[in-house]
Amino acid sequence: MKPRTADKIATTLIVFFALLIVAILIGLLGYILVRGLNHISWDFLTSAPQKIRAGGGVGPQLFNSLYLLVLTLIITVPLGLGAGIYMAEYARPGKITGFIRLIVEVLSSFPSIVVGLFGLLLIVNYFDLGFSLISGAIALTFFNLPLMVRITEQAFRTVPKQQKEAGFALGLSKWKIVTSVLLPVALPTIITGTILSAGRVFGEAAALMFTAGMSSPRLNFSDWNPLHSNSPLNPFRPAETLAVHIWKVNSEGLAPDAMQIAAGASAVLVIMVLLFNLLARYFGRFIYRKLTASKRMN
């Protein structure tokens, strides 16, 4: 076979599979949105769900998902950044560093149901945190931390060595080089890792059933004291997230419009993930411009 013919065949196959993946993704998103958009309204997004009667909403579950995302990122991002920077810039090659990388790889391959049961035994029961938002956030940290560590480490390792050497030539300390030279360049990749880890928070259900719980108390949205039991900001209260609610409605929903509620909630979940991705990318560009005084980010 001539090289030009082989190149055309390979290019055709690559383009075909790329278009096939895009078509599958568009078809999946379109199917979910078409089935669910008709059921989305302001009342659906703000009202509480109904167990038996029709017309329930997903207001508390929507808030719980967003609040859980914030709590999880507050725990995951500092730990992931610190561990990734240490592995990339400070850790010396050796058995200990290799063992740490092995632990990170093992954590990233844990099934969600195993993490959920581990969280139930250790966080919920042993540490007596109960079914709560903070228990769910800690459990999800076990999912997100390996991804954040690996992406942060790779992002710092892909920065050209010349930039680091130029910083040392100017007499900068290593910490100053990390924060002022390497971090701005690695930031777009780190933002991507944060987006990927946040997507798991929105879509995770198995681990949260055993840690955050499958029900929510009646929330008083006029009380924002995090120490009150019915306050939406109380991190120690049980919280049913949107993904758990979709599973619960599909499996044991008694409302006559249970399928419509599940379809609408699925569409809301997809829209939330898409909006978060767009906002995170915009925020990443904004921070990149601030740190590098650049007008655009490739």
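How far apart are the end C-alpha atoms of residues 62-280, and how much of the span is helix?

**View 1. The annotated span, end to end.** The end C-alpha atoms of residues 62-280 sit 19 Å apart, with the span 73% helix and 0% strand. (Helices are DSSP runs of H or I, at least four residues, and strands are runs of E, at least two, numbered from the N terminus.) An unreviewed UniProt entry lists 62-280 as "domain: ABC transmembrane type-1"; such annotations may be inferred rather than shown by experiment. This is a predicted model, where local features need pLDDT of at least 70 and side-chain atom pairs pLDDT 80 or more, while totals for chains, interfaces and linings use all residues. Numbering runs from 1 along each chain as its sequence is written, and side-chain values use heavy atoms, leaving out hydrogens and water.

**View 2. The largest nonpolar core.** Here are 40 residues, and Leu68, Leu69, Leu242 and Phe276 touch the most other members. (A core joins buried Ala, Val, Leu, Ile, Met, Phe, Trp, Tyr and Cys residues through side-chain atoms within 4.5 Å; buried means under 20% relative accessible area, with a 1.4 Å probe and protein chains only.) Helices supplying at least two residues each include H3 (59-90) and H10 (242-252), but H11 gives the largest share, nine.

**View 3. Around Leu242.** Skipping residues up to four places away in sequence, Leu242 touches Val58, Gln61, Leu62, Ser65, Ala265, Val268, Leu269 and Met272 (contact: heavy atoms within 4.5 Å).

**View 4. Helix H6, mostly covered.** Of the 25 residues in H6, 19 are buried.

Note on methods. Buried < 20%, exposed > 50% of the residue type's maximum accessible area, 1.4 Å probe, protein only.
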